[in-house]
Amino acid sequence: MVARIDGSLYVRMPRVNAFSVLSLARGMLIAMPRAAPGGVKHAAKQMRSDAVALQNAHLAARRPATTPARTSREVDNEADALHGALKRRLGDYLAVASRQPELAAQAATLAEALYPAGGPDITKGDLPTQWQRTEVWFALLADEGREATLRALTGDAFIDALRATHVEYGEAIGTTKPRPEEPAKVDLAGPLAALLASTQDLALQLVAMANDGSASDELRAAARAALRPIDDLRDANARRTARRTPAEPEEPVDPDAPIPDVT
């Protein structure tokens, strides 16, 4: 007579993590008896569904997020540098005032209009304030032909770069278009809990089948085989606990291995 299985051993699952539980589920599914009753197969299908959900969560957690645009601070730093470059270039004309008085006068007039000595520093303050000051700066630049003069004095590259940066700046701080939502953190705890619950349900179904005196010896042996991955994991945990130092990692598992189907 085959000894009964102690069902209390399967009331709680062995210690697992979000990776190793997938290996456990695969082992049980591979050993599932084809002639198992409907209730056992139903529990196995639920466990497989939960295993696939956890595996998909693993894949989603590892999938690289959409490459974000530069941070608002990075854009702000570039805008500050461009304003600084334009202001310096206008100021450099003081060095040629004796030889090019007209150009020096144009540069001084532009500098006073765009970067007034007594006015607020366009590169200081919180980000929305700096963006708004540059918005006003571009409005002033558009008056009285100043942009053409500034381009003639400093070149196109700095103004074009500042204009492009200003557009990016507005998007980065949500002034000109809504900022994209941060991607939600992938939940592994929920799928893990669901898989643990369905694995336990299947284990208890298999215990009942293994202890069913009316079942064939072949079917009862198959139920025991399907429970063996749980026994093996429990024993492996005990061995690791006995020999492992605190810094020793657990054995690696492959979360991407295919989940066996239930036949």
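Which side chains meet in a salt bridge at 3.0 Å, N to O? The first legend answers this for a predicted model, in which local features need pLDDT of at least 70, side-chain atom pairs count only at pLDDT 80 or more, and totals for chains, interfaces and linings use all residues. Residues are numbered from 1 along each chain as its sequence is written, and side-chain values use heavy atoms, with hydrogens and water left out.

**View A. Salt bridge between Glu-147 and Arg-151 in helix α6.** The side chains of Glu-147 and Arg-151 meet at 3.0 Å, N to O, in a salt bridge (a side-chain nitrogen of Lys or Arg within 4 Å of a carboxyl oxygen of Asp or Glu). Because they are four residues apart in helix α6, about one helical turn separates them; helices (H or I, at least four residues) and strands (E, at least two) are DSSP runs, numbered from the N terminus. Through shared partners, salt bridges join Glu-147, Arg-151, Asp-156, Asp-160 and Arg-163 into one network.

**View B. Salt bridges of Arg-70 with Glu-78 and Glu-168.** The closest N and O atoms of Glu-78 and Arg-70 are 2.6 Å apart, while Glu-168 and Arg-70 meet at 2.8 Å, N to O. The latter pair links distant parts of the chain, with Glu-168 in helix α7 (residues 156-172) and Arg-70 in the loop between α2 and α3 (72-92), 98 residues apart. Arg-70 is partly exposed at 34% relative accessibility (buried means under 20% relative accessible area, exposed over 50%, partly exposed in between, with a 1.4 Å probe and protein chains only).

View C. Arg-220 is buried yet has no salt bridge, and the nearest side chain of opposite charge, that of Asp-217, is 4.4 Å away; Lys and Arg count as positive and Asp and Glu as negative, with His and the chain ends not counted. The side chain of Arg-220 reaches the backbone oxygen of Ala-210 at 2.9 Å.

**View D. Largest nonpolar core.** This core has 36 residues, and those with the most contacts inside it are Met-32, Leu-195, Leu-202, Leu-206, Leu-227 and Ile-230; a nonpolar core is a set of buried Ala, Val, Leu, Ile, Met, Phe, Trp, Tyr and Cys residues joined through side-chain atoms within 4.5 Å. The largest share, eight residues, comes from α8. Leaving aside neighbours within four places in sequence, Leu-206 is in contact (heavy atoms within 4.5 Å) with residues including Met-28, Val-40 and Ala-223.

Conventions: Polar contact = N/O pair within 3.5 Å; in protein donor to acceptor, adjacent residues only side chain to side chain.
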